[in-house]
Amino acid sequence: MADTLTQAARYAFDNDTEHSREQHRCLAAAYDTATFAHLSAAGVAPGLRCLEIGAGGGTVAHWLAERVLPGGHVTATDVKPHHIAARPGLTTLAHDAATDPLPEASYDLVVARLVLQHLPERTAVLGKLVRSLAPGGVLHVEEFDTSYEPPLLTPDEESARLYQRFLDAKCAVFRAGGGDPHWGRQVPAALRAAGLVDLDVRPRIELRTSDSPGLQLQLHHTYHLQDQLLAAGMTRDELERVRALMRDPAFRAASSVLYAVQGRRPDDGEGAAA
């Protein structure tokens, strides 16, 4: 097993800091409902063998575990998995997706939500996930394309530029660690190139307001990533001003595009055309 402390240091979001609990809360509030709907459409049912990598706070893994019993099982992995509470039907493992192996042809459903775009080795990891699927198994991937998330209503042009400066600095932080904040748009083609069929692609854009979980997540990032944002060129004064802007009830922005993509591993002997 890789040295998880060393591996975790390269990821933008450390899963074991004072900010981790709020990160997990915001992610769950913003995205769980849509994720669960997509997974339901994939046919989650008793008896399935499931894997979630980068499980974070464990809300997706718990949802799956509630639905695959009796007879099924969920394995939830993370570099630091101790935030995932124990429950029947669920096993948690310390695992680095970039360096640690996975059993092949073992899972009916594999979930990777907001994980791969952080990894320089994303293409190799995607191949590993595809090989871990049993014939006929489904891979579910969710990723952002942050190239579009403009401010829509701000007090003035300077505020709009400040918000965009924050978004640009955050993209620079991701890229500095080998991530690709625009990778979401490439997921459908990447799954097809990896040999999956029956691709289901669902892009989603929402309105960001001061009381929306999506904007609360952005506000949280000004604290969680503060040191990295300062290193990327933002000032402490700019961070305070953009925090005040995102707390303004009149502020409006478009979210980035979140792509939820599913693909199926062909059954033995089945052709690989999508």
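I looked at β6 and β9 (residues 252-254) to begin with: two bridges join them, and they run antiparallel. Strands here are DSSP E runs of at least two residues and helices are H or I runs of at least four, numbered from the N terminus. Two strands pair if DSSP finds at least two bridges between them. I also found L153 opposite R252 in β9.

A note on what I'm using: this is a predicted model, where local features need pLDDT of at least 70, side-chain atom pairs count only at pLDDT 80 or more, and totals for chains, interfaces and linings use all residues. Residues are numbered from 1 along each chain as its sequence is written, and side-chain values use heavy atoms, leaving out hydrogens and water.

Next, the whole sheet. I read the order as β6-β9-β8, an open sheet of three strands with antiparallel pairing. β6 (151-153) and β8 (207-208) are at the edges with a single partner strand each, so one side of each has no neighbour in the sheet.

Then I checked what covers the strands. α5 lies across β6, β8 and β9, at about 155° to β6. Axes are lines fitted to C-alpha atoms (for helices, over the stretch in contact), and angles run from 0 to 180 degrees between N-to-C directions.

Last, the helices. α5 (residues 157-176) packs on α7 (residues 213-224) at about 70°, axes 12 Å apart. That makes the two roughly perpendicular (65 to 115 degrees). From α5, Y163, F166, L167 and K170 meet L215, Q218, H221 and T222 of α7, contact being heavy atoms within 4.5 Å.

Note on methods
Parallel < 35°, antiparallel > 145°, perpendicular 65-115°, else oblique.
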